[in-house]
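Dear colleague,

Please find the structure handed over below, together with its sequence. The notes that follow describe what was found in it, and I would ask you to read them with the model open.

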Amino acid sequence: MSQLFSDTWMNELKNAWNQEADVFAPLEKANFSANIAYGYKGEEQPRGILTVVSGKITRAGAYAGEELDWDLRASPDNWQLWLNEGFGLSKLGPAVAMKKLQFATGNYRQMIRNPALSHPFLLHFDLMRKIPTSV
């Protein structure tokens, strides 16, 4: 079992992402590239980062000061809840509106209005659920 957002966990997410065409193919078609970070609300820096180049993750691991395009933050309890119960479209809007999921960096509205981004974004939460995780 890997610690959420640890090097090991981030690399497990990278492997799952790069094997899931429903996640990477739309992003590849949209030529999506970004540094996406994850962490806990209230902490100065995120814990983990994914570097996506044309839809595929080329690097995953601990955050080390990289410039970010997206920075997703939530409490440990909310991350655990979503890992247990999933995180579909019906939960995304309320989570953002109630500040349970915060985009410290990145434009949530731009992402959710673009199906080439929003569908893979939601699917990547399903990939997270498949990784044995401790929070």
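**The enclosed strand**

In this predicted model, strand 5 is largely enclosed by the rest of the structure, because 5 of its 5 residues are buried. Burial here means a relative accessible area under 20%. Both faces of strand 5 are covered. On one side lie Trp70, Leu72 and Ala74, and on the other lie Asp71 and Arg73, all of them buried.

Strands of a sheet pair through backbone hydrogen bonds, and they may do so in a parallel or an antiparallel manner. In this model, 5 strands form an open sheet with mixed pairing, and their order is 4-3-2-5-6. At the edges are strand 4 (56-62) and strand 6 (102-105), each of which pairs on one side only. On average, neighbouring strands of the sheet are turned by 20° against each other, direction ignored.

Which strands pair with strand 5 (residues 70-74), and in what sense? Strand 2 and strand 5 run parallel and are joined by 5 bridges. Strand 5 and strand 6 pair in the antiparallel sense, over 3 bridges.

Helix 3 (residues 76-85) lies across strand 2 and strand 5, and runs at about 95° to strand 5. Helix 1 (residues 7-19) also packs on the sheet, where it touches strand 2 (34-40), strand 3 (48-53) and strand 4. The direction of helix 1 makes about 170° with that of strand 4.

Within helix 1, please look at Trp9. Is Trp9 buried or exposed? Its relative accessible area is 0%, so Trp9 counts as buried. Leaving aside residues up to four places away in sequence, Trp9 touches Ser2, Gln3, Leu4, Met128, Ile131, Pro132 and Thr133. Met128 is 119 residues from Trp9 along the chain, yet the C-alpha atoms of these two residues are separated by 9.0 Å.

**The cavity**

Rolling a probe the size of a water molecule over the atoms shows where empty space is left. In this model the count comes to 1 cavity of 30 Å³ or more, and about 160 Å³ of space lies in the largest cavity.

Which residues lie nearest the centre of the largest cavity? They are Trp17, Phe32, Ile36, Leu117 and Phe121, out of 13 residues that line it. By class, the lining has 12 nonpolar residues, 1 polar residue and no charged residues. Strand 2, strand 5 and helix 6 (115-129) each supply at least two residues of this lining. The largest share, 4 residues, comes from helix 6.

**Two residues with a positive phi**

Most residues other than glycine have a negative phi. Phe5, although not a glycine, has a positive phi of about 70°. Phe5 lies in the loop between strand 1 (2-3) and helix 1, and it is buried, with a relative accessible area of 2%. Asn31 is likewise not a glycine and has a positive phi of about 55°. Asn31 is found in the loop between helix 2 (21-29) and strand 2. With a relative accessible area of 54%, Asn31 is exposed.

**An exposed lysine**

Finally, where does Lys130 lie? Lys130 is in the loop between helix 6 and strand 7 (133-134). Lys130 counts as exposed because its relative accessibility is 63%, and the cut-off for that class is over 50%. Lys130 and Asn35 are 95 residues apart along the chain, and their C-alpha atoms are separated by 22 Å.

Yours sincerely

Key:
Residues numbered from 1 in each chain as written. Predicted model: local features only at pLDDT ≥ 70, side-chain atom pairs only at ≥ 80, totals over all residues. Heavy atoms only, no water. Pairing = 2+ DSSP bridges. Axes fitted to C-alpha atoms, helices over the stretch in contact; angles between N-to-C directions. Contact = heavy atoms within 4.5 Å. 1 Å grid on protein atoms, 1.4 Å probe; cavity = no way out; pocket = protein on both sides within 12 Å on 5 of 7 lines; lining within 4 Å. Points joined across faces, edges and corners; volume = space filled by probe spheres on them. Nonpolar A, V, L, I, M, F, W, Y, C, P; charged D, E, K, R; others polar. Buried < 20%, exposed > 50% of the residue type's maximum accessible area, 1.4 Å probe, protein only.
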